[in-house]
Amino acid sequence: MKRIKPLGSVDPFSSSVMEYLVAMLVFIGLVLNGAVVVDSAPLFPCDPSSGLSLFPFCSTSLPVGQRAQDLIGRLTLTEKVGQLVNAASAIPRLGIPAYNWWSEALHGVSNVGPGTRFGGSVPGATSFPQVILTAASFNTTLWEAIGRVVSTEARAMYNVGLAGLTYWSPNVNIFRDPRWGRGQETPGEDPVVASKYASHYVRGLQETDGADPNRLKVAACCKHYTAYDVDNWNGVQRYTFDAQVTKQDLEDTFNPPFKSCVSDGKVASVMCSYNKVNGIPTCADKNLLSGTVRGDWNLNGYIVSDCDSVDVLYNQQHYTASPEDAVADTIKAGLDLDCGSFLGDHTEAAVKAGKVDESLVDKALVNTFTTLMRLGWFDGDPTKQPYGNLGPKDVCTAEHQELALDAARQGIVLLKNKGALPLAANKIKSLAVIGPNANGTRVMIGNYEGIPCKYTSPLDGLSKYAQTQFTPGCSNVACTGNDLLAGAVNTAKAADATVLIVGGDLSLEAEGLDRTSLLMPGYQQQLVSQVASASKGPVVLVIMSGGPFDITFAKDDDKIAGILWVGYPGQAGGAAIADVIFGQYNPGGRLPVTWYPQEFVKVAMTDMNMRPDASKGYPGRTYRFYEGKTVYMFGDGLSYTNFKHTLVQAPKLLTLPMGGKHACFHGSSNSSCKAVRITHTKCQNLLMEVHVDVKNVGPRDGSHVLFLFSTPPYKYNAPKKQLLGFRKIHVPTGVKRRVHFNVDVCKELSVVDKNGTRKLPVGSHLLHIGDLQHSVDLKITS
């Protein structure tokens, strides 16, 4: 048999219908006679060399929706069902290869998902810091830049057959409880920060150079929707956990990052979670999926289950009586794709039993196929498309690796400095480097990782500045034995300075593994204290972890001159740590989570309430609501220089015009006027301008994060303090920079009542700007 050239001389969209029909009849005859070979596993759909590129679904001149409908109309029910799972089946008769939807790109292209692999011409990819540290930079520009690099490397790998185009990242769940093993994957505890991280990282991943909303560079996915943050705590498993969440908490804490993903970031996908929310599995909740994500937020893309979630809701949660009912409930709720095999195994039977209409299967496929078409997967040879010139040369470039280093440096948080930092390299002849993470490599990249381009361990980084003497002190982070303790003490005694690098790793905090303690594991505290006591020079403590620890002992120890939190800092983490310790880089990161004392573990991790309840002794959660002692606060972080703030402009009075007739009016004493629904006002596009001068009055150039918080009138159990916005600026020593905030009054000064309704409290809103405070009175007018 001989492969022939495609029938490219006849264009059905420019020639007559009769010519097209004749051409297709000729083509079908050639296929039947064996003159055209239809590959059983083509490399990509709509391959011109296959002779199967004349179908309308291959035409880039048609709208993607029309193309998707054309393709779906050609499929049998069995073929349709084969497209409902992440390992989508090939359709050889239409020249469509198999496709695996599951790839990951949490902080670099990952090989965790089966859609991506390393090897051959691409042995690794740039590994950025774990998200929690990147979030600590509070730099939205950086977040987007990382997304662009990751999508470039993903496209380069796709072009050589090593990756897909759909990436189930980022994780934008709120880091609600400090014990959560997956908190490291998230942007932290604040919904505003998580929302901005979500939209900026998604834009970096998805936006094409031409910024065409109908095209995608790669397709991102925001997960895990919603109220998902218990993995495995004291026997409570994520697969069966029923999160009891108030409408108030859902609206003002758990859902905002997902809304921002869809509405602001224009994300191509949302992943529903394993857990139930108020008795209903999220992947079977029509209100959450069709009602909110696709309806209220207008998702342009597909909804996918967390892996095996549909199987879980049937076999473990026992939510439905039969597999076919599970299929019906999820597809009717708005689920489009199953990560797993459950829909592939049972959907055909569900359709034939009349439990779900085939038209709903078609509707799901429209959402997935249009996503692939926006990615160019049905546009023929990928090397002849935009980004087709990318390849192995564009992965692990020097520029990309420098960005990974810069991201780590920007996120590192200086928590304590008694004046010893930065260390002076010319005064240190010997440096003791001690701790189970001191020579770590793999530990630096956290989970959902890929294979890095290379590693720079902390020991490697520090060795570039001073002669080092290394001893681990413990054999691993569990630190179950103290047999190495004496050696560590002796090493510190002989050195001019000591750097202790301790903390956690994936054996302590990970997917499927929540912590039960906030103390340093094993003998780590004893190691730190005894080494500090014995050291003749300054001691710097470095905490490598995703979640917080109770390090009150070190905070209060005068022998410990400095404390750094470095998260899991990625492939260049060791270089970044050393650059900060020796003053090559002035730290400017700030904590994206509250650090609680050990006594917080008395709080049940399964209590989803954000707000405190004094009658139950419940302290609440996160800086917005928590009433209790802290080790460090959200937003804490020091610098090697000092900054002075001056309020330049902020209103003292805001008047809020009401829409139409309303009981509220200026000066009303009516109790209903304590707050008004934003839908009842004319506050859309009403901005509050706040201008602040930031002057670097210290000895070094440095970056500074300026937070703008507000304390609303205490109505509807509002937060004690909520973040309105943040800016990261670089200020040379002696220089003054002006920072502008344009606060959306409706969106950012509003609070949520117990019914989940957004309202604007009338009265005095106290603004917190750096170390300044300013009161703004909000009044209504007819």
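Q: What does exposed mean for a residue in this predicted model?
A: Exposed means over 50% relative accessible area. Under 20% is buried, and in between is partly exposed.

Q: So why is K747 called exposed or buried, whichever it is?
A: K747 has a relative accessibility of 52%. The cut-off for exposed is over 50%, so K747 counts as exposed. You'll find K747 in helix α21.

Q: What makes G503 buried or exposed?
A: Its relative accessibility is 0%. Buried means under 20%, so G503 counts as buried. G503 sits in strand β14, which runs over residues 497-503. The C-alpha atom of G503 is 7.3 Å from that of N437, although the two residues are 66 apart along the chain.

Q: And H691, what decides whether it is buried or exposed?
A: H691 comes out at 10% relative accessibility. With the limit for buried at under 20%, H691 is therefore buried. H691 belongs to strand β20, residues 687-696.

Q: How do you know that the side chains of H691 and H740 make a polar contact?
A: The contact joining the two side chains is 3.1 Å.

Q: What makes β7 and β10 a strand pair?
A: Pairing takes at least two bridges. Strand β7 (residues 269-272) and β10 have four, in the parallel sense, so they pair. One place to look is V270, whose bridge partner in β10 is I303. In general, strands of a sheet pair through backbone hydrogen bonds.

Q: Which strands does the open sheet contain, and in what order?
A: There are three strands, ordered β3-β7-β10, with parallel pairing. From one strand to the next, the twist averages 30°.

Q: What makes β3 and β10 the edge strands of that sheet?
A: Each of them, β3 (222-225) and β10 (302-305), pairs on one side only.

Q: How much space lies in the largest pocket, and which residues are nearest its centre?
A: About 1500 Å³ lies in the largest pocket. Its lining has 50 residues, and nearest the centre are E251, P256, K259, K747 and R758. Among the elements giving two or more lining residues are α7 (247-254), α8 (256-263) and α21 (745-748). The largest share comes from α6, with seven residues.

Q: What lines the second largest pocket?
A: That pocket holds about 500 Å³ of space. Of its 25 lining residues, the closest to the centre are R590, G635, G637, H704 and V705. Strand β21 (702-711) gives the most, six residues, and β17 (643-649) supplies at least two. By class there are ten nonpolar, eleven polar and four charged residues.

Conventions:
Residues numbered from 1 in each chain as written. Predicted model: local features only at pLDDT ≥ 70, side-chain atom pairs only at ≥ 80, totals over all residues. Heavy atoms only, no water. Axes fitted to C-alpha atoms, helices over the stretch in contact; angles between N-to-C directions. 1 Å grid on protein atoms, 1.4 Å probe; cavity = no way out; pocket = protein on both sides within 12 Å on 5 of 7 lines; lining within 4 Å. Points joined across faces, edges and corners; volume = space filled by probe spheres on them. Nonpolar A, V, L, I, M, F, W, Y, C, P; charged D, E, K, R; others polar. Buried < 20%, exposed > 50% of the residue type's maximum accessible area, 1.4 Å probe, protein only. Polar contact = N/O pair within 3.5 Å; in protein donor to acceptor, adjacent residues only side chain to side chain.
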